[in-house]
Amino acid sequence: MLLSAKCSGQEISFRERVQPLLANRCLACHGPDENGRKADLRLDTEAGAKDFAIEPGNADDSELISRIESDDPDVVMPPPGHGKPLSSSEQKLLRDWIDQGAPWQGHWAFEPIKRPSVPADNSGWSKGAIDGFVLQRIKEAGLEASGRADDRTLIRRVYLDLIGLPPTPEQVQQFMDDTSSDRFEKVVDQLLRSKHYGEQMAVSWLDIARYADTNGYQNDFVRSMWVWRDWVIDAYNSNMPYDQFIIQQIAGDMLPEPTTSQLIASGFNRNNPTVTEGGAIDEEWRIENCVDRTETTAAAFLGLTMGCARCHDHKYDPVSQKEFFEFFAFFNNVDEPGVYTERRGNTQPLIKTPTPAQVAALASLDGQIEALDRKAAASDDSGAIAVLQEWRTSKESGPSIPQSSWSCDDTGVKELQWSPAGKAISFEGKENAFSSDNNPDTTFERDQPFSWTCWVHGEARGAIFGKMNEAQGYRGVDTLILGDGRLKVHLISAWDSNAIAVLSKDALPSKWNHVAVTYTGNSKAAGFKIYVDGKPVATTTERDSLTESTVTEAAFKIGQRSQSSHLRGKISQFSLYDSVLTDEQVALKMKLDVIQHVDRVAKSGLDSTADDAALDFLEFSNSLQSEKAKLLEQRKQLIASQQTTMVMRERAGQYRPTWRLNRGQYDQPDKSVDLLPGVPEALPPLTEDQPRNRLGLARWLVDERNPLVARVIVNRAWMKFFGRGLVNPPDNFGIQGSPPSHPELLDWLADDFRSHGWDLKRLHRQIVISATYQQASELTQEKLELDRENRWLSRGPRYRLSAEQIRDGALLMSGLLSKEIGGPSVFPYQPDGLWDELAGGANNGPYKQSSGDDLYRRSLYTYRKRTVPHPTTSTFDAPSWEKCQIKRANTNTPLQALALLNDTTYVEAAKKFAERILSEGGETLDDRIDFAVFAAMSRPATLVEKTTLKDGFRYYLQIYNAQPGEAKKLLAIGESTTKTSDPAELAAMTSVASIILNLDTTITKE
């Protein structure tokens, strides 16, 4: 109970004492949930409580008091069996509060942030505003602040907090040798500039963002989102203003002309688990994805348990089910399916993320290709095209275009009275495909160029050709003449999420038309060109999201797709090419096609000079095309090697409607009312410049009118440095959560954070240079009795390090740690067969252990398989990353000690640490033990520690001298090699090093 020892005779705070009691005991039945409310009584609002149950100033006449004090089981509240009865002190609290007039306050978290005055401190202890607020509470609690921690403790503490690694002995000594008055501040500034700062800060954010390297659920197939993880690291290192950090992750894709970095940022909401199992219902899981994003956004930025309102009005907080689905609507227009059946790897929407070297190489290749195109265009000076233009009206036969890779002859079909095509194939709209067995060799793969030409009558409708498997998501290629006469080209991996669709803007004229389509093989809609009568026509793009293979075994057919779009009308002379025809070649092909099908009587009058000129042009063009083909192949391979990352993207066209779902079930929508994106009424509304979409939501989150986000962020920062937040637990700023221990400090920090540009490094610096943070952590008997959990901050923080810090620290001490920043996730030591045993071999095969430096990367980069978390991290309370997690558990179990003593990672680290001790620690055993303890704990060994460790070394040395085989077995653990002239000595020191790595002081922030 808040400051109960000091509250006698004082006005009772509704926010701090009464509201939490009502929330815990009464609101489940008498709160916001209209469907679950009993007796039509509300105790979450002042009007509801005072109209029916509370008589301000008169507890005896208040129904609330008569009910909670009743001995009648039919009258007493809470009813027997429906919650814990109120204790006598709790009953007295409510009685006294009502007698004081029952003063009511709104829930503190929903009230606007107001900058309070900093309490004065004449003691000289305070270093800044933070300390003024803290010291006031310390005194109110009847406690005293602790003195400053010693230098070695302090520098180790701040290193672990800001970069996640302990300082080296050299760094500690450098700090000790510095006599300047601002030496600690200089260390803090140095750490804030370190590239490892971003890594340390990213660890907790990845928990919140449910980041992992697999999809989750049964299949748990691989995905690759490490580019987004590296964006987070870089954002922290560059000190991106935190409001931009939020906006870009919620809606980076919706910013005006978004950069690649902003698109990558939007991957925050693609980190959710996704289903790939066959037979799953698409709409069900699409809804689940939206729910996940709704709950994650509410928890990460608002600190609210909004998911409680999915099935009914929230029982404690002012969030109705309708408001839940209005918030849900912000994410209901995302362009993605609910199920990615048996799909491995990244899924649409996604982007390529080339490295700077790849960007430069691609620009170079594009420049060379453009130069060849200009050279080909300049070749018109040969005069061949001009000569052939004259031939078009003279009915003289000209030279033929190079042999096509496949053509459809129209022999035997009724000859028309006149057409440029001469003879035509007539289709009647039934299953009369011209060819289904004479397949061309062309596979129509997305990264392979091709072209085709054909004569088409403008009145035709349906498929000109198709090589498409409609049963396999329409995989393949086709070209259609739509009902309005426009041409439409498809190249599809899976419709409509992974495909290209390009349409001509205008319909074909009602005549015979020479149609050509070319494709560069760049997997982009821009790679397609449509030509009519030898000239490119304007096009529009319907889909441009192709990233996967388009190859299909379906038959190649003229006049239909695999099962539909049967052609009605006439076409003739279909020719296919395994290359890209240039604009000039398409025009030439049309002219030659005209000439080939005109009366050939005049052939004898062919001008040989013109014939030679045309052939020279074609030979020159073919040479350029051959050179261009090589460059295009290099370009294709370069693009294929680029990493992808999944991003957010809104659906094109009509907005997907949102409805309230009965009991939250996907198949029970209430379609009587369409819901628009919106925010809870208990919080400030969207403004006119905040549109009802994700970008509007993102801007609303960081709007100064929003009282929650800044409070949530600074509270989370406080938790990082002190082990618990000013609001605890940190994931519930709602009515059922605990009120802040230091409400004025929380609001001062929140206001200061916002008013200084959402500067996170500045906030972290403020905290660690405060006297509050720099206190010693010694626990006296008085403080144990009055403040066991250090809620009033009368001592410094002390708690066990995270899983990542423990492993990274051991690798640092051993000299094995690789300090490379970013890149793909790695696979450190893991028990053999673990994936096969627990996941049935899912995720594309067994666990493949990394080698070299990748074995010793920081734990942040360890591959995260959702269904089988890495045992080294999960043993020390790292989550499975299946859901947003604001705070990890912090347990102390025997299994943790066993892991530190036996896991390959820690045994190998102990072995290499022992090598350092023997080679760098001096000649005597005393010096070596001092070196080892200092390296691990940043301080000299105590007499007891030194004596115990020396005795341990002598004991182990005796054993390994007597059993040299055991020494060799120990030194063979791990991938790193050892060089020693005395295996027994190294094995004995390895055992000592293992003990040091397992000590409570080593794995605790002290």
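Let me begin with Ser770, which touches Lys127, Ile130 and Asp131; contact here means heavy atoms within 4.5 Å, and residues up to four places away in sequence are not counted. The model is a predicted one, in which local features need pLDDT of at least 70, side-chain atom pairs count only at pLDDT 80 or more, and totals for chains, interfaces and linings use all residues. Residues are numbered from 1 along each chain as its sequence is written, and side-chain values use heavy atoms, with hydrogens and water left out.

Ser770 sits in the loop between H23 and helix H24 (781-786). Helices (H or I, at least four residues) and strands (E, at least two) are DSSP runs, numbered from the N terminus. Is Ser770 buried or exposed? Ser770 has a relative accessible area of 4% and is therefore buried, the term being used for values under 20% with a 1.4 Å probe and protein chains only.

I turn now to the nonpolar cores. Such a core is a set of buried Ala, Val, Leu, Ile, Met, Phe, Trp, Tyr and Cys residues joined through side-chain atoms within 4.5 Å. The largest has 127 residues, and those with the most contacts inside it are Val158, Trp205, Trp228, Tyr236, Tyr242 and Trp718. H21 provides the largest share of this core, nine residues. A second, separate core has 45 residues, including Met813, Ala909, Tyr960 and Ala988. As for Trp718, its contacts include Ile130, Val134, Leu745, Leu749, Ile767 and Leu793, again leaving out residues up to four places away in sequence.

Next, helix H11 (residues 226-237). The expected span of a helix is 1.5 Å times one less than its number of residues. For the twelve residues of H11 that gives 16 Å, and the end C-alpha atoms are 16 Å apart, so the two agree. Ten of the twelve residues are buried, among them Trp226, Trp228, Trp231 and Tyr236. What covers the buried residues of H11? The covering elements include H10, helix H12 (242-251), helix H13 (260-265), strand S15 (644-646) and H23. Just after H11, Asn239 takes a positive phi of about 55 degrees.

On a 1 Å grid over the protein atoms alone, a cavity is a set of points where a 1.4 Å probe fits but cannot get out, and a pocket is an open set with protein on both sides within 12 Å along at least five of seven lines; lining residues have an atom within 4 Å of a point. Grid points are joined across faces, edges and corners, and a volume is the space filled by probe spheres set on the points.

The largest pocket has a volume of about 1100 Å³. Of its 47 lining residues, the closest to the centre are Met719, Lys720, Gly723, Tyr799 and Asn890. H10 gives the most to this lining, with seven residues.

How many cavities of 30 Å³ or more does a search of the whole structure find? The search finds nine. The largest cavity holds about 80 Å³ of space; of the 14 residues that line it, Ile806, Gly809, Ala810, Met813 and Thr1002 are the closest to its centre. H25 supplies the largest share of this lining, five residues. The second largest cavity has a volume of about 60 Å³, and its lining includes Lys352, Arg446, Asp447 and Lys636. Helix H19 (residues 608-640) gives the most to that lining, with three residues.

Definitions and conventions:
Buried < 20%, exposed > 50% of the residue type's maximum accessible area, 1.4 Å probe, protein only.
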